[in-house]
Amino acid sequence: MTQEEIQLYSDIVKVGFPIVGTVLGGVIGALSTYFITKLNHSNDDRKESLRRRQELVLEAAKDITEFEHLIGTYTTAVSNHVRQLDGAIDMEAARQAIVNNNQSLRRARMTLKILALTEAEKHLEDYIVVTREVIAYGPKIKPERIAEIAKVITKGPIKFYEALAPELDSNS
C-alpha cells in the first residue's frame, strides 16, 4: 500500500466515523423520541379514558340521587296518608313527579350497562324492587309494610353507592 492510499484511508476514517456517528446518533435520537412520545400519548389516552369513566360514574350517582328524592317524597306522602297523618306533601303530585321525571333513573341504568358495572347495577335493581311496591300499591299498602319500605327507601341504595366507590379511586 502506498503512502497516498494510507493517507486516503486515514482521512476517510477521520472524516467518516464522525459522520456515521452523527447520523447514527440522529437515528437513535429520532427513534427514542418517537417511542417516548407514543408512550406519553398512550398514557394520556388512558388517563383521559379513566377520567371520563369517573365522570360517568358520578353522573350515574347523581341521577340516582334525583330518583331517590322523587321516590322518598312519594313514600313519605304515602306513609302519611296510610297512617292518616296530615302531611304537607301532595301524594298524587309526588306520584306524577316520579312518572314524569324518571329519565334520571333510565340514564343511570344505561350508564351502568355501558360501563359494565354489573354489581352496582344489581344493587340498584334490588333498591328499585322496593320502590316499585310503593309506586304500584301506593295508598293501599298496609301501615306496617309502608313503615318497613320507608326505612329502606330513606336509607337509599347504600350498597349501590358502595359498589360505585372503587370506580372513583384515583389509583385505579
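Analyst: A quick definition before we start: a residue is called exposed when its relative accessible area is over 50%, buried when that area is under 20%, and partly exposed in between. Keep in mind that this is a predicted model.

User: Okay, then why is Ala116 called exposed?

Analyst: Ala116 has a relative accessibility of 54%. The cut-off is over 50%, so Ala116 counts as exposed. You'll find Ala116 in the loop between H3 and H4.

User: What makes the phi of Ala116 worth a look?

Analyst: The phi of Ala116 is near 60°, a positive value, and the residue is not a glycine. Gln84 also has a positive phi, of about 60°, without being a glycine. Gln84 sits in the loop between H1 and helix H2 (91-100).

User: And Gln84, is that residue buried or exposed, and how do you know?

Analyst: Gln84 comes out at 71% relative accessibility. Exposed starts over 50%, so Gln84 counts as exposed.

User: What about Ile71: buried or exposed?

Analyst: Ile71 has 0% relative accessibility. Buried means under 20%, so Ile71 counts as buried. Ile71 belongs to helix H1. Its C-alpha atom is 15 Å from that of Ile141, a residue 70 places away along the chain.

User: What makes Val27 part of a nonpolar surface patch?

Analyst: Val27 has 42%, so it clears the area cut-off and is called partly exposed. Val27 is in helix H1 (residues 3-82). The patch is made by Val15, Ile19, Val23, Val27, Leu31, Tyr34 and Phe35, and it covers about 690 Å².

User: Why do Tyr34 and Phe35 count as an edge-to-face pair?

Analyst: The structure holds two aromatic pairs. In the one formed by Tyr34 and Phe35, the ring centres are 5.2 Å apart and the planes make an angle of 70°. Ring centres must lie within 6.5 Å to pair, and planes over 60 degrees apart count as edge-to-face, so Tyr34 and Phe35 form an edge-to-face pair. Tyr34 has a relative accessible area of 49%, which makes it partly exposed. Phe35 is partly exposed too, with a value of 49%.

User: How do you know that Glu48 and Arg51 form a salt bridge?

Analyst: Their side chains meet at 2.4 Å, N to O. The limit is 4 Å, so the contact between Glu48 and Arg51 qualifies as a salt bridge. Glu48 and Arg51 are three residues apart in helix H1, which means about one helical turn lies between them. An α-helix has 3.6 residues a turn, so residues three or four places apart point the same way. Glu48 is partly exposed at 39%, and Arg51 is partly exposed at 37%.

User: Why does the contact between Glu59 and Arg52 count as a salt bridge?

Analyst: The closest N and O atoms of Glu59 and Arg52 are 3.7 Å apart. The limit is within 4 Å, so Glu59 and Arg52 form a salt bridge. Glu59 is partly exposed at 40%, as is Arg52 at 36%. A network of salt bridges links Glu48, Arg51, Arg52, Glu55 and Glu59. The structure holds eleven salt bridges.

User: What makes Asp126 and Lys122 a salt bridge?

Analyst: The closest N and O atoms of Asp126 and Lys122 are 3.0 Å apart. With 4 Å as the limit, this pair therefore passes. Both lie in helix H4 (residues 118-137), four residues apart, about one turn of the helix. Asp126 is partly exposed at 42%, and Lys122 is partly exposed at 47%.

User: How do you know that the buried residues of H3 line one face?

Analyst: The buried residues of H3 are Ser104, Leu105, Ala108, Thr111 and Leu112. Looking down the helix axis, these residues fall within an arc of 125°, so they line one face of H3. On the face turned away from that buried side are the exposed residues Arg106, Lys113 and Ile114.

User: How does the length of H3 agree with what a helix should span?

Analyst: H3 (residues 103-114) has twelve residues, and at 1.5 Å a residue it should span 16 Å. Its end C-alpha atoms are 16 Å apart, so the two values agree.

Definitions and conventions: Residues numbered from 1 in each chain as written. Predicted model: local features only at pLDDT ≥ 70, side-chain atom pairs only at ≥ 80, totals over all residues. Heavy atoms only, no water. Patch = residues over 30% accessible without salt bridge, like charges linked within 9 Å, V, L, I, M, F, W, Y side chains within 5 Å. Areas by Shrake-Rupley, 256 points an atom, 1.4 Å probe, with all protein chains shown as cover. Helix = DSSP H or I, 4+ residues; strand = E, 2+ residues; numbered from the N terminus. Buried < 20%, exposed > 50% of the residue type's maximum accessible area, 1.4 Å probe, protein only. Phe/Tyr/Trp six-rings, centres within 6.5 Å; stacked < 30°, edge-to-face > 60°. Expected span 1.5 Å × (residues − 1). Arc of directions from axis to C-beta.
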